[in-house]
Amino acid sequence: MAKVVRGLLTLGNGKVGQSIHLFSLPALLSCPGRSPSCTEACYARKSRYLLPAVVERLRWNYDQTLDPAFAARMIREIRKKGCLAVRIHGAGDLYSADYVNAWVRIASACPAARFYGYTRSHAVPEILPALCGLAGLKNVRLWFSCDRDIPVPETVPEGVRVCYLQTEEQEAIPKADLVFRVKRYRRQRLPLTVVCPSDSPGKREVVCGSCQRCIK
Ligand code: SF4
């Protein structure tokens, strides 16, 4: 019987749309920069992420990142599939400097693809320099995620943009390039220029593939 080779990437979901490839990891296990508020709000610890098939898949993905050939395998797959946009993690985070550097190799070897992702690992001093290297690549759009426990950094490295997760109704939202909101506050009106359209009232049908704000 022919051996079935499982791909590393999946194509599309309800948030990003159907034109973006994703790679995901288990939440918490891969999140050294997590904060109490993002841990509490994390969508990747709820609902479909609790299904055994999803738990198994994300754990398998994590194990693949420990393979020294991970970057080479990902590069081959991106080229073979002709990916134009890759979201680095629909769930999970850049858990170590070595793992960030694997993505530096991948993005450098795939200039035709645009890579984007959000990370709280900027709160981990040993990972921050590698993140700056990743953010400096022309085809990478890296977002530093902040919340009421992780303040917006005073100095934002070149190539990085900042997003903020609102988890409290009345919290003061600091200056950020983009605001995400937990579900229960998505009906609240804030200026549309800063809120992710899919977290805004009446805009739930917007997906990343059509919006593109985080990818451009
Ligand atoms: S702002 Fe646009 S691209 Fe960014 S997460 Fe929201 S829908 Fe996606």
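4 bridges join β6 to β7, and the two strands run parallel.

Q: What kind of model is this, and how are residues numbered?
A: The model is predicted, with local features needing pLDDT of at least 70, side-chain atom pairs counting only at pLDDT 80 or more, and totals for chains, interfaces and linings using all residues. Numbering starts from 1 along each chain as its sequence is written, and side-chain values use heavy atoms, without hydrogens and water.

Q: Which strand pairs with β6 over 5 bridges?
A: Strands (E, at least two residues) and helices (H or I, at least four) are DSSP runs numbered from the N terminus, and two strands pair if DSSP finds at least two bridges between them. Here β5 (residues 140–146) pairs with β6 in the parallel sense. Phenylalanine 144 stands opposite valine 162 in β6, while tyrosine 164 has valine 179 in β7 as its bridge partner.

Q: Is β6 mostly covered or mostly exposed?
A: Buried means under 20% relative accessible area, exposed over 50%, and partly exposed in between (1.4 Å probe, protein chains only). In β6 (residues 160–166), 6 of the 7 residues are buried, so by that definition the strand is mostly covered.
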